[in-house]
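The following exercises concern the fold of one protein. Please work through each task before reading its solution.

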Amino acid sequence: MLKRLTLERFKGFEKAELNLGPLTLLVGTNASGKSNLRDAFRFLHGISRGYTLAEIIGEKWIEGVLQWRGIRGGTREATFNQAKTFSLDAVFQTQEYGDGKYHIEVDVGENSQPPRVVGEWLSFPDKKHTVFHSHPYRFPLDPYSSNRIGIAVPEYDHDGNDVGYQVKSYSNDKPVLLQIDQPRNYLQAAYKAFISMRFLDFLSPDAMRNPSLPGQTSLGDKGEYLSSVLQAICNDPARKKALINWLQELTPMDAKDFEFPADQTGKILLSLVEENGQKTSAYSASDGTLRFLAMIALLLGPDPAKFYFFEELENGIHPTRSHLLLQLIEKKVSEGNIQIVATTHSPHLLGQLSQKSLEYVSFTYRLPGKPNAQIKRLMDIPEAAKILQEQDITRLHASGWLEDAVAFLDEDKTLE
């Protein structure tokens, strides 16, 4: 699980820190930084996919097919206030080695120069030294002098014991994490922390309604392959029962089964069967029903990711039913196999969170007259726990209490 993300000079953030739990909910107005946090997670995910910095920030095509959409705004808008570099620090939990810490600093380039790594390191608490480190103490190297970067990497004796460091040179057009091959176990732990991520921005009803081939068991970013993912879920009796139960709770439909009729090309179409025998195909199902089915498919499907980022979690879900979606999400994250970060504009949704999930609600905001976005954990606002016991968080959020609280804190800090 990712535990903390620190951003310096990244997009709208001059310096900010986000603490992460099993379920982390981000609240804040438009243009307050929520989507920029998504971009930071996507940057880490791009590293794990083996891309160069230009591909992570720009885009990646293979044989004419777009594989990666890059970071919004490209290099021009990747840094805060046109700074030369940005850095990201991620703390992630591992079972074997404790909490790993990964840092990368990127020069975004100017005058048509490509982006390049100017600082990078990886460490674990059970290791005597950092796993690797740029600008090593005792071996200072200037990373701006060429297209290479000097990295201190472990050195081993004949028995495989770590006896110190040797300095090696690596290309600076891609993260060093992708280029070093030893010590493999620690590098793999960092790789695993970032590789299994999914980003669900705007599920498309049209994409979800399209038929798909059986065996396509990973939902596309827009909801593609919904019918075949649901078919795979229905092949498991326990998962199918859970799917139908959640659907019955969410909608007034008395759904009892699913059918997957095939067309002439072998693709299958989703149909919902109600108790009275009425059938509703994906073509005529409501957008909200399809969105909820897509989210169930992600959480109950045979090929789940470890980390999900949902934009506007409440989108397409009726307010009276959103608590059911939260119940499903909180149940799944409590099992310890997945982690979810989601944004919301809904005070109603915030009021339906469990007490445990409230611990990881963070507020993104920009104060009047200040260009930098900031992050404040809800429970770090003074007296927040006491106030939430006495007041309804739904009403507080809708009334602008969060904005007033952080503005008051900033005013106090300025007076000091």
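**Exercise 1.** State how many helices and strands the protein has, and determine why its overall size counts as globular.

Solution. The secondary structure comprises 13 helices and 19 strands, where helices (H or I, at least four residues) and strands (E, at least two) are DSSP runs numbered from the N terminus. The radius of gyration is 24 Å, close to the 22 Å that the globule rule gives for 416 residues, so the protein is as compact as a globular protein of that length. This radius is taken over C-alpha atoms, and the rule is 2.2 Å times the number of residues to the power 0.38. The model is predicted: local features need pLDDT of at least 70, side-chain atom pairs count only at pLDDT 80 or more, and totals for chains, interfaces and linings use all residues. Residues are numbered from 1 along each chain as its sequence is written, and side-chain values use heavy atoms, with hydrogens and water left out.

**Exercise 2.** Determine what percentage of the residues count as buried.

Solution. Buried means under 20% relative accessible area (1.4 Å probe, protein chains only).

**Exercise 3.** Trace the pairing of strands E6, E7 and E8.

Solution. Strands pair if DSSP finds at least two bridges between them. First, E6 (residues 85-94) and E7 (residues 98-107) run antiparallel, joined by 10 bridges. A hairpin of 3 residues connects E6 to E7, and Phe92 has Gly100 in E7 as its bridge partner. Next, 7 bridges join E7 to E8 (residues 116-123), again antiparallel. Here Val106 stands opposite Val117 in E8.

Key
Buried means under 20% relative accessible area, exposed over 50%, partly exposed in between (1.4 Å probe, protein chains only).
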